[in-house]
Amino acid sequence: MAATPIQTPAEQALAALYPAERTSLPGTADVIAIRDAAFGGVEKSGLPHRRVEDWKYTDLRARLKTFPPAAGPADVARVLIAAPAVDDDKARRLVIANGRYRPELSDLNGLEPGLSVFSLAKALEAGDADVLAALKLEDAIATNTAVALNTAFMTDGLVIVVADDAVIERPLELVHIAEGEPAASTAVRHLVTVGKGAKVTLIETVESLDTVAHHSNVMTVINVGEGAAVDHIRLQLEPDEAVSLTSLVAKIGQGASFDTFNAALGASLARAQIFAEFTGRDARAGFRGVTMLNGRRHADTTLFLVHGAENCRSRELYKAVIDDEARSVFAGRIAVPSHAQKTDARMMTASLLLSEEAEADAKPELEIFADDVQCGHGATCGAIDDDLLFYLLSRGIPKTEAESMLILAFLGEAIDEIQNQAVHDALIHRVEGWLKARSA
Amino acid sequence: MLEIKNLHARVGGREILKGLTLTVNPGEVHAIMGPNGAGKSTLSYILAGKDDYEVTDGEVLLNGQSILDLAPNERSVAGLFLAFQYPIEIPGVATMTFLKAALNAHRKAKGDKELTTPEFMKLVKGVAEKLNITSEHHLGHAEAAGQRRLLRRREEARRDHADGAVAAGDLHPR
Ligand SMILES: Nc1ncnc2c1ncn2[C@@H]1O[C@H](COP(=O)(O)OP(=O)(O)OP(=O)(O)O)[C@@H](O)[C@H]1O
Ligand SMILES: [Mg+2]
């Protein structure tokens with residue numbers, strides 16, 4: 001009798017779900033073949049565990065207790081009245097509810113010339129050649145478990161194209177809402193192509209209207225054209241029970257400018273992955289984020305950056321505030337191939353531990369094969385500075401308020417890099433709410 | 001009135017204060033002098049309530065009330081605080097945020113209404129004029145040096161008009 005590998009309940013659930021759902025997922029036979037290949041890879045290797053280097057500190061196999069079935073259609077009325085996470089009249093809201101793009105809930109009035117927005121599900125059904133081509137990713141990305149699960153289960157998403165030289169004044173806000181009980185899974189893929197010299201701001205919010213253990217898997221692929229400027233900001237605001245996997249794939253063209261910010265404020269288990277690559281020279285990019293954790297929550301930020309062209313500059317800054325028995329992971333790998341001379345990269349991660357049991361793991365790595373480069377990394381981890389705290393206390397400020405001021409100041413260094421004022425303010429508001437709840 | 005009676009204290013397992021007694025009456029200014037390592041800073045920090053200093057004997061009364069069980073902020077609003085000659089600069093905390101929080105903590109303790117931001121800014125403008133800090137950038141988006149200067153002026157002003165409260169001012173708190 002052949003030995004069958006022991007499957008965890010989550011792996012068993014996946015093995016049962018995929019065959020049941022695969023034919024009802026959108027796409028032509030070609031798409032199904034892509035899904036099958038992706039799922040086959042996951043099934044073969046199982047969920048990654050701590051002996052798999054990229055998942056060393058986030059043992060998905062041990063942490064993923066279950067895998068709920070795909071979400072049904074959302075209750076539109078509830079989604080419609082939900083308070084927006086970001087209060088911005090300027091932003092164009094594009095709503096993805098329970099994994100499905102809902103144009104009727106979205107603001108599509110007067111789309112700027114040069115901007116097109118359409119449904120990924122429709123493109124998959126139509127077998128759109130460009131979209132199918134855009135699903136192809138290099139092996140290192142395609143075989144990543146969160147990515148492969150997204151490929152296998154993706155139900156919809158947005159295909160956004162910004163034409164060359166188009167300047168899109170209104171930020172695009174991709175609103176991901178999970179609604180309903182019991183807990184369900186969603187997998188959404190966005191494909192964003194920004195033409196030469198174009199300019200756009202992309203905001204993503206990921207949230208749930210119900211405090212249940214939703215699983216969300218949001219993947220965004222952005223191609224930043226030559227000389228284009230893209231500002232991407234994600235607010236992950238899921239309930240404490242949720243599982244949140246996000247992946248960002250960014251190809252940054254010559255002379256382009258790209259910024260991405262991730263705020264990981266929710267979920268019991270969160271992993272934000274970034275796969276970025278400079279594909280043309282003289283480009284610049286900023287990778288930043290903040291994580292706030294309490295209870296027994298776990299959040300992982302994993303950045304793979306290939307500084308693949310000459311004279312590109314990047315800045316990486318990730319900050320985490322960790323309370324109770326929570327655990328934050330930051331893994332950042334920057335690779336500089338031998339032809340990428342004049343590379344300038346500076347990666348910094350800092351963790352503020354608010355309790356004895358809180359844990360921060362930082363794994364910065366530089367792989368440098370070029371000789372004329374400036375690359376640095378730093379990692380710090382510590383508690384609130386006693387001297388600063390004493391100074392504030394000695395001026396009459398109560399301890400919890402003083403701690404909140406210092407925590408906000410710590411995170412501010414990263415948050416203040418957010419250029420979009422509405423998102424900046426929305427995030428500060430959330431952080432203040434978190435701090436208030438902590439002091440209560 | 002501040003009364004220090006037979007104060008014994010330890011830090012890092014070493015006894016530093018070995019029975020200090022001192023009474024400071026309202027309106028009096030006292031300078032505590034002594035060689036390096038005599039325990040001047042230690043005394044200041046103990047009075048202000050810094051962690052890590054263990055009082056092993058004696059008592060400290062402010063206007064008849066023992067303060068040794070009070071947190072530093074409670075002592076501060078009761079009127080006892082440590083004035084730093086070189087105010088600490090707190091990276092990322094705007095001076096105005098800090099000053100407003102401190103002022104409102106004191107107002108709250110006295111039962112006064114806390115000031116809103118516009119009310120506070122008006123007050124700051126008035127005080128700044130009195131102190132001849134007129135330049136805009138010292139008040140609004142001040143650079144670090146300007147902020148420090150403003151803080152120092154404010155510390156000095158507090159020391160000068162300590163409102164009958166006793167300021168435990170250490171000349172070199174480092
Ligand atoms: N955290 C500590 N752990 C151990 N010993 C300490 C600690 N802080 C101070 N001391 C010791 O306590 C003694 C008193 O120090 P303190 O700083 O109070 O003196 P001081 O009078 O302020 O001196 P100076 O004039 O140099 O400022 C010194 O011998 C010092 O080494
Ligand atoms: Mg001293």
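These entries record what I looked up in the structure, chain by chain.

**Entry 1. The model**

I began with the origin of the coordinates: this is a predicted model. I therefore read every value below as computed from a prediction.

**Entry 2. The sheet of chain A**

I traced the strands of chain A and found 10 of them in an open sheet, in the order β2-β1-β5-β7-β9-β11-β13-β15-β17-β19, with mixed pairing. I then looked at the edges, where β2 (100–101) and β19 (374–382) of chain A stand; each has a single partner strand, so one side of each is left without a neighbour in the sheet.

Strand β5 (residues 172–178) and strand β7 (residues 199–208) of chain A run parallel and are joined by seven bridges. Within this pair, A:E173 is placed opposite A:I203 of β7(A).

I next asked which helices pack on this sheet. Helix α10 (residues 399–415) of chain A does so, touching β11 (257–264), β13 (284–293), β15 (313–322) and β17 (344–353) of chain A. The direction of α10 makes about 155° with that of β15(A). Helix α11 (residues 421–439) of chain A also packs on the sheet and touches β7, β9 (229–236), β11, β13 and β15 of chain A. For α11 the angle with the direction of β13(A) is about 25°.

**Entry 3. A helix pair in chain A**

I examined helix α1 (residues 9–21) and helix α8 (residues 145–153) of chain A, whose axes come within 11 Å and cross at roughly 30°. On the α1(A) side the contact is made by A:L14, A:L17, A:Y18 and A:E21, and on the α8(A) side by A:L149, A:A152 and A:F153.

**Entry 4. Backbone exceptions in chain A**

The peptide bond from A:E181 to A:P182 is cis, with omega near -5°. I located A:P182 in the loop between β5 and β6 (185–194) of chain A. A:N98 is not a glycine, yet its phi is positive, at about 50°. I placed A:N98 in the loop between β1 (92–97) and β2 of chain A.

**Entry 5. The sheet of chain B**

In chain B I found four strands in an open sheet, ordered β2-β1-β3-β4, with antiparallel pairing. The edges are held by β2 and β4 (65–66) of chain B, each with a single partner strand, so one side of each is left without a neighbour in the sheet.

Strand β1 (residues 2–11) of chain B is joined to β2(B) by eight bridges, and the two run antiparallel. I noted two positions along this pair: B:E3 is opposite B:T23 of β2(B), and B:R10 has B:E15 as its bridge partner in β2(B). The two strands form a hairpin with two residues between them, and B:G12 in the turn has a positive phi of about 55°. On β3(B), eight bridges link the strand to β1(B) in an antiparallel arrangement, with B:H8 opposite B:D57.

I also followed α1(B), which lies across β1, β2 and β3 (53–62) of chain B and runs at about 110° to β1(B).

**Entry 6. Ligand 1**

Which residues come nearest to ligand 1? Of the 13 residues around the ligand, they are B:G37, B:G39, B:K40, B:S41 and B:T42.

I then listed contacts to oxygen atoms of the ligand. One lies 2.8 Å from an N or O atom in the side chain of B:S41. For the side chain of B:R14, the distance from an oxygen atom of ligand 1 to an N or O atom is 3.2 Å. A polar backbone atom of B:A38 is 3.2 Å from an oxygen atom of the ligand.

Taken alone, ligand 1 exposes 640 Å², and the protein buries 64% of that. The elements giving two or more residues to the shell are β2 (14–24) and α1 (40–48) of chain B. Of the elements, α1(B) gives the most, with three residues.

Terms used
Residues numbered from 1 in each chain as written. Chains lettered and ligands numbered in written order. Predicted model: local features only at pLDDT ≥ 70, side-chain atom pairs only at ≥ 80, totals over all residues. Heavy atoms only, no water. Pairing = 2+ DSSP bridges. Contact = heavy atoms within 4.5 Å. Axes fitted to C-alpha atoms, helices over the stretch in contact; angles between N-to-C directions. Near = heavy atom within 4 Å. Polar contact = N/O pair within 3.5 Å; in protein donor to acceptor, adjacent residues only side chain to side chain. Areas by Shrake-Rupley, 256 points an atom, 1.4 Å probe, with all protein chains shown as cover.
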